[in-house]
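This report walks through a structure, section by section. The sequence and the structure come first.

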Amino acid sequence: MPHLQLVAVTHPLGGIDPKLARAKADGVVDRVIAALTRDPAPPEAASAPVAVTVTAPADIDLFQDFALAEGWSDGMPVLPPTPERVARILGPLAPRGADVIATLAPRRGVATLEAIAANLALAGALPGHLPVVVAAIRALADPRFNLNAIQTTTHPCTPLLIVNGPIAPRLGINAGANALGQGHRANAVIGRAVRLILQNVGGARPGREDRATLGHPGKYSYCLAENEAESPWAPLHVERGFGAAESCVTVCGSEAPHNVNDHGSTSAEALVFALAGTAATTGSNDVYLGGEPLVVLGPEHARTFADSGWSKADVKRVIWERARVRLDRFSPENRERFGVLDPERFRGRLLAEEVALCASPDDLMVIVAGGPGKHSAIIPTFGATRSVTVAIAR
Amino acid sequence: MLDGILLEKASVPSASIVTDVFEVTGRAMARQWGVPTYKFLLMPHPIANLTEAELDRRAREIAPEVVKLLLQGQE
């Protein structure tokens, strides 16, 4: 909507005195009236996405400066998306390069197969990674994910990709030791390609449309596979109705992981203390916006739960019952604000009462990942987002 | 493990024990500290969840190897 009229007020608005807000409103009311009564320019017709070939420096170091100036880069070195490299990534799909996979917020950028492949080329990804990225882009465009808010919020959230099924070992997507860390090409470049697509096609440029106050390091790349081989339970995609032999990607609008170190507990009843204690925090969006916090259990912690006879549903239920925040741990201003957003859980309650880390135990997500060691992680979300699982085309 | 390597370098006999999943890490550390053939002992992973009795049994089982390594040294 290029004709949409905008009026700006001085930042900030959140948490200011109502008198100040009134003064700010008084200051802009004339401009609001003018904008409402002026005849807007007619909307421009949306043009079909067409790939444009540009000339870039052949020298790989000079190409970095070029890519940064064009806004194509995440700051780390990128590889030139030459027509040959993009064609190699598309492979047999090359004739379908103009196929539209999704429209991505906030720019309503059209993610054609070719545009997706060009960003895989920038990220250093391989042809085999394309189906995973395409499925992830479909998932991100699902309205339940709320991509426009995820892309433009001041919150640090970014898509976390969880890959399930046989494609993960086939592509070498790490589910074991250091699964959320460095050192595995597939994890690094698949997550990075998704980020570059969100920036270059979705149009979320840092500090401009992407207004993250701080962001977090997962915004470079945030991708792992579930360690299905070492999980005592059904994996995430099976829990969501897909077949075990199917491959899927799940996207979550996630914060950075917070580690849960527990070397001492040897039973489920004991282990739940550290997990619930780490998950129950006052600064998380999930506590008042109803998101789906993710518990990533290291295989040894998962084994401890299973050896105590707990199902995955038991783990979710007990963490939810125990990960509680007393209302007097929230400031009076936040209690009032959260009471407007979620009156059922925050209005008319005693200060000594507690709220759970999210709205229901079914909203908690549990996966198994990582290698040897007694660590797990809690990954909160943006809150106003639902994770989406999509099958990866063979 | 690094403590064991440094003790050996200071001529104090040592016996390092790691769980088997950390063997590759132990060998890499030995190479980095200039003792690529450094001898150390392995026991099955994991140990953190073992009961006191199970841990005692593990210790009893590996004790002869510890004594042997301490007496025989790294040569």
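The sections below cover the chains, a sheet, helix packing and some backbone details.

## Model and domains

The model is predicted. Chain A is divided into domain 1, residues 1-40, and domain 2, residues 145-391. The C-alpha centres of these two domains of chain A lie 37 Å apart.

## Chain B and the interface

Chain B has three helices and two strands. Read from the N terminus, the elements of chain B follow the order α-β-α-β-α. The C-alpha trace of chain B spans about 35 × 25 × 15 Å along its principal axes.

How many residues of chain A are in contact with chain B? Six residues of chain A are in contact with five residues of chain B. On the chain A side, one of these residues is nonpolar, three are polar and two are charged.

## The four-stranded sheet of chain A

Four strands of chain A form an open sheet. Their order is E4-E3-E5-E12, and the pairing is mixed. Which strands stand at the edges? They are E4 (223-225) and E12 (388-391) of chain A. Each has a single partner strand, so one side of each is left without a neighbour in the sheet. Neighbouring strands of this sheet are turned by 25 degrees against each other on average, direction ignored.

Strands of a sheet pair through backbone hydrogen bonds, and the pairing is either parallel or antiparallel. Strand E3 (residues 158-164) of chain A runs parallel to E4(A), and three bridges join the two. One residue pair can be named here: A:Leu161 has A:Cys223 in E4(A) as its bridge partner.

Helix H5 (residues 130-140) of chain A lies across E3, E5 (248-254) and E12 of chain A. H5(A) runs at about 50 degrees to E5(A).

## Helix H4 and its two partners

Helix H4 (residues 113-123) of chain A packs on H5(A). Their axes come within 11 Å and cross at roughly 120 degrees. The two helices are therefore oblique to each other. The crossing of H4(A) past H5(A) is right-handed. From H4(A), the contact uses A:Ile116, A:Ala117 and A:Leu120. From H5(A), the contact uses A:Leu130, A:Val133, A:Val134 and A:Ile137. By class, this contact has seven nonpolar residues, no polar ones and no charged ones.

H4(A) also packs with helix H8 (residues 185-200) of chain A, at an angle of about 125 degrees and with the axes 8 Å apart. That angle makes H4(A) oblique to H8(A). H4(A) passes H8(A) in a right-handed crossing. On the H4(A) side, the contact is made by A:Ile116, A:Asn119, A:Leu120, A:Leu122 and A:Ala123. On the H8(A) side stand A:Val189, A:Arg192, A:Ala193, A:Leu196, A:Ile197 and A:Asn200. This contact divides into eight nonpolar, two polar and one charged. A:Ile116 and A:Leu120 take part in the contact with H5(A) and also in the contact with H8(A).

## Helices H10 and H13

Helix H10 (residues 268-279) and helix H13 (residues 312-322) of chain A pack at about 55 degrees, with their axes 9 Å apart. Are these helices oblique or roughly parallel? At that angle, H10(A) and H13(A) are oblique to each other. The crossing of H10(A) past H13(A) is right-handed.

H10(A) brings A:Val272, A:Leu275, A:Ala276 and A:Ala279 to the contact. These meet A:Val318, A:Ile319 and A:Arg322 in H13(A). The contact has six nonpolar residues, no polar residues and one charged residue.

## Backbone details

Where do cis peptide bonds occur? The bond from A:His11 to A:Pro12 is cis, with omega near 0 degrees. A:Pro12 lies in the segment before helix H1 (18-37) of chain A. In chain B, the bond from B:His45 to B:Pro46 is cis, with omega near -5 degrees. B:Pro46 is found in the loop between strand E2 (41-43) and helix H3 (52-72) of chain B.

A:Arg108 has a phi near 60 degrees, a positive value in a residue other than glycine. A:Arg108 lies in the loop between strand E1 (100-104) and strand E2 (109-112) of chain A.

Note on methods: Residues numbered from 1 in each chain as written. Chains lettered and ligands numbered in written order. Predicted model: local features only at pLDDT ≥ 70, side-chain atom pairs only at ≥ 80, totals over all residues. Contact = placed C-beta atoms within 7 Å. Nonpolar A, V, L, I, M, F, W, Y, C, P; charged D, E, K, R; others polar. Pairing = 2+ DSSP bridges. Axes fitted to C-alpha atoms, helices over the stretch in contact; angles between N-to-C directions. Parallel < 35°, antiparallel > 145°, perpendicular 65-115°, else oblique. Left-handed = near helix turned anticlockwise from the far one by under 90°. Domains from an automatic or database assignment.
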